[in-house]
Amino acid sequence: RRQRQMCIRDSDISYDKAWALEEKRKDVTDVVFLLNITTIGKWACLSCVSLVTVVVPEGIESIGRYAFWDCTSLLNVTFPKSLKSISNGAFIYCNSIEAMDLSHTLLNSISYGAFSHCFELKSLKLPSSVQSAGDYAFCDCSKLVPSTISTNENASNAPILAFLHKPQSERDALMLANPPN
């Protein structure tokens, strides 16, 4: 199979253009990030089904909506310390990812459905800086259970993190029934 590179800019592309490029993206095996960008734009790597590894460079602070949607072969993502937010559906349907290590980042928010339908996700390491997680952030990540979720420093956000794969209403009900010590 022929290897193809794709250049990532920080600007968003439209939904229509993203889907129009879907067929051309199927052979993309490597992404190159332009210097001095701070955001991976929305739809940036939609359906790059041959993409296996992504190294997000230092300086990236946010990953845009649906940036890696349907990258079904994606196994490894290396995140920079500078990362602060992951937007809606950023890694939705990246069903080959088994582990996510964000513990060394400045991450403070994970948006709605950011990692939903990552069916193989088994291990999650988050920094203590995470303050919020949107509904369904880890929906259908059935292999991700509370004992495989950890933070790097303190456990102050553990009650939220333990139930990330559930909608907010279920998380609230579980936390009321099982208040933290």
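Residue numbers start from 1 along each chain as its sequence is written. Because the model is predicted, local features were required to have pLDDT of at least 70 and side-chain atom pairs pLDDT 80 or more, whereas totals for chains, interfaces and linings use all residues, and side-chain values use heavy atoms, with hydrogens and water left out.

The protein contains four helices and twelve strands, taken as DSSP runs numbered from the N terminus (helices H or I, at least four residues; strands E, at least two). Of its 181 residues, 43% are buried; buried denotes under 20% relative accessible area, exposed over 50%, and partly exposed in between (1.4 Å probe, protein chains only). The accessible surface amounts to about 8900 Å², and carbon and sulfur atoms contribute 50% of that area. Accessible areas were computed by the Shrake-Rupley method with a 1.4 Å probe, and for residues only the protein chains shown count as cover. Among contacts (heavy atoms within 4.5 Å) with a separation of 6 or more, 44% join residues 24 or more positions apart.

Five strands form an open sheet in the order 3-5-7-9-11, with parallel pairing; two strands pair if DSSP finds at least two bridges between them. Strand 3 (39-40) and strand 11 (132-133) each have a single partner strand, so one side of each lacks a neighbour in the sheet. Strand 11 pairs with strand 9 in the parallel sense over two bridges, and Ala 133 in strand 11 stands opposite Ile 110.

The largest nonpolar core comprises 42 residues, with Phe 68, Phe 91 and Phe 115 having the most contacts inside it. Such a core is a set of buried Ala, Val, Leu, Ile, Met, Phe, Trp, Tyr and Cys residues joined through side-chain atoms within 4.5 Å. Two or more residues of this core come from each of strand 2 (28-33) and strand 10 (123-126); strand 2 gives the most, with three residues. Not counting residues up to four places away in sequence, Phe 68 touches Ile 40, Cys 45, Leu 51, Val 54, Ile 63, Ala 90, Phe 91, Ile 92 and Cys 94.

The structure holds zero disulfides, a disulfide being a pair of cysteine sulfur atoms within 2.5 Å. For Cys 94, the closest cysteine sulfur is that of Cys 71, at 5.0 Å, which is too far for a bond. Cys 94 is buried, with 0% relative accessibility. Cys 141 is likewise in no disulfide, the nearest cysteine sulfur being that of Cys 118, 5.0 Å away; Cys 141 has a relative accessible area of 1% and is buried. Cys 139, in the loop between strand 11 and strand 12 (149-151), counts as buried at 17% relative accessibility.

His 104 lies in the loop between strand 8 (99-101) and strand 9 (109-110) and is partly exposed, at 37% relative accessible area. Leaving aside neighbours within four places in sequence, His 104 contacts Phe 79, Pro 80 and Lys 81. The C-alpha atoms of His 104 and Lys 81 are separated by 5.7 Å, although the two residues are 23 residues apart along the chain. The side chain of His 104 also reaches the backbone oxygen of Phe 79 at 2.6 Å.

Key: Polar contact = N/O pair within 3.5 Å; in protein donor to acceptor, adjacent residues only side chain to side chain.
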